[in-house]
Amino acid sequence: MASRILVTGALGQIGTELVDALRKRHGVDAIIASDVREIEDHPVMSSGPFHLLSVLDEDEMRRLVVDNQIGTIYHLAAILSATGEANPELCEKVNVGGTKVVLECAREHNLRVFAPSSIAVYGPDCPSIAPQVTPLNPTTVYGETKVVGEQLAVYYWMNHGVDVRGLRYPGLISYKAPAGGGTTDYAVEIFHAALEDGEYTCFVREDTRLPMMYMDDAIRATLDLMDAPADSLGDARGGYNIAGCSFIAGELVTSIQRHLPDFTCTFEPDIRQTYADSWPDEIEDDVARREWQWSPAFDLDAMVDAMFAGLGANLD
Ligand code: NAD
Ligand code: AKB
């Protein structure tokens, strides 16, 4: 039986940690990592099988699936919001086109799929605490591609029986890989700047509140969702809301100053402020809690403590 796992976009912020978690769980040889680029000395490439693969290359995707007896794809390849708004055509091509290639391959070869969505599916008309079900009117191209991704997931499940599942990840905060060109990247960059320079220039306003999550919670949510029995999942299967911690940029600075009292942050909003302003402040995740018992472990201070511990900071 085809039981190996293919991860697309595996060298990115999430792939770096998800591949490691999957290899620990299923064994190194069971996880085939792939990406459109190579990065010298990247742990994902040195710790097990890796293939160069563009998710737009349908033939190569099929060949990899058949040759490696793939049963599940974790589809992480994408262009994030800031890069996507600068290159809208590329964003649509990779995010929508790549997801279609993955879903067609899954239909042909009876694969399970994890295809992440984002809080970027919401637009300015959404309540500040975003419910699972509300009109989705994003004002970014990236957000539009994520809405289409969720719709495709539901379509392939309803019409072809493909077991596709997704999460609306909040902004993810981690230390093992850089953030990949999104609006929430300030919440990652700020740690490196605090340790290296003692100061940071933040590209959103001090009072900008966004839903965020520590990477350990995001990886656990991903694995838990994929472990959940299919009959426990309802209409949200294309993109479950999951809440981690929500904070304004100023609160992040204050939490960092618990460790580095001399750290200073100035605020110089750029175009990414517009994207942040179009997204909700918080996320309601009651459906995920009910259907597959989701619960986050990291609040703001716990996340900040874990980031400094992970970065090996000597804070004495
Ligand atoms: P990332 O930018 O760090 O990594 C994406 C990877 O995809 C990169 O390694 C890139 O080389 C690769 N890629 C780009 N084009 C490709 C192509 N044509 N073929 C194959 N690979 C290609 O992104 P991430 O943070 O790891 O995000 C993964 C998924 O999670 C995306 O769908 C993203 O929208 C979603 N998401 C991420 C966050 C977050 O904060 N990190 C939040 C919400 C949703
Ligand atoms: C981004 O900022 O683009 C991502 C996301 C929230 O989807 N981190």
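Analyst: Asp163 counts as buried in this predicted model, because its relative accessibility of 13% falls under the 20% limit for that class. Its salt-bridge partner is Arg237, and the closest N and O atoms of the two are 3.0 Å apart. The pair links distant parts of the chain, 74 residues apart: Asp163 belongs to the loop between α6 and β8 (164-165), and Arg237 to the loop between α8 (215-227) and β13 (240-241). Arg237 is buried as well, with a relative accessible area of 2%.

This salt bridge is one of 21 in the structure. In general terms, side chains of opposite charge can pair when their charged atoms come close. Another pair lies within a single helix. Arg63 and Asp67 form a salt bridge whose closest N and O atoms are 2.8 Å apart. Both residues sit in helix α3 (residues 58-67), and because they are 4 residues apart there, about one helical turn separates them. Arg63 is partly exposed, at a relative accessible area of 38%, whereas Arg237 is buried.

Asp270 and Arg272 form a further salt bridge, with 2.6 Å between the closest N and O atoms. Both partners are partly exposed: Asp270 has a relative accessible area of 31%, and Arg272 has one of 21%. Salt bridges also join into a network, which links Glu58, Asp59, Arg62 and Glu108.

The shell around ligand 1 comprises 15 nonpolar, 9 polar and 3 charged residues. Of these 27 residues, Gln13, Asp35, Arg37, Tyr142 and Lys146 come nearest. Four elements each contribute at least two residues to the shell, namely α1 (13-26), β6 (117-118), α6 (141-160) and β10 (171-173). Oxygen atoms of ligand 1 lie 2.8 Å from a polar backbone atom of Gln13, 2.8 Å from an N or O atom in the side chain of Lys146, and 2.9 Å from a backbone N or O atom of Leu172. Taken alone, ligand 1 exposes 830 Å², of which the protein buries 93%.

Helix α6, one of the elements that supply this shell, also holds Val154. Val154 is partly exposed, with a relative accessible area of 30%. Together with Trp157 and Met158, Val154 makes a nonpolar surface patch of about 280 Å².

The shell around ligand 2 has no charged residues; it consists of 4 nonpolar and 5 polar ones. Its members are Leu80, Ser81, Ser118, Ile119, Tyr142, Gly182, Thr183, Thr184 and Trp279. An oxygen atom of ligand 2 lies 2.6 Å from an N or O atom in the side chain of Ser118. Distances of 2.7 Å separate oxygen of ligand 2 from a polar side-chain atom of Tyr142 and from a polar backbone atom of Thr183. On its own, ligand 2 has 260 Å² of accessible area, and the protein covers 93% of it.

Two members of this shell also contact each other: the side chains of Ser81 and Thr183 are joined by a polar contact of 2.7 Å. Ser81 is found in helix α4 (residues 81-86) and is buried, with a relative accessible area of 2%.

Key
Residues are numbered from 1 along each chain as its sequence is written. Chains are lettered from A and ligands numbered from 1 in the order in which they are written. This is a predicted model: local features need pLDDT of at least 70, side-chain atom pairs count only at pLDDT 80 or more; totals for chains, interfaces and linings use all residues. Side-chain values use heavy atoms; hydrogens and water are left out. A residue is near a molecule or strand if one of its heavy atoms lies within 4 Å of it. A polar contact is a pair of N or O atoms within 3.5 Å; within protein, one must be able to donate a hydrogen and the other to accept it, and residues adjacent in sequence count only if both atoms are side-chain atoms. Accessible areas come from the Shrake-Rupley method with a 1.4 Å probe; for residues, only the protein chains shown count as cover. Ala, Val, Leu, Ile, Met, Phe, Trp, Tyr, Cys and Pro count as nonpolar, Asp, Glu, Lys and Arg as charged, and the others, Gly among them, as polar. Patches are made of residues with over 30% relative accessible area and no salt bridge: like charges are joined within 9 Å, nonpolar side chains (Val, Leu, Ile, Met, Phe, Trp, Tyr) within 5 Å. A salt bridge is a side-chain nitrogen of Lys or Arg within 4 Å of a carboxyl oxygen of Asp or Glu. Buried means under 20% relative accessible area, exposed over 50%, partly exposed in between (1.4 Å probe, protein chains only).
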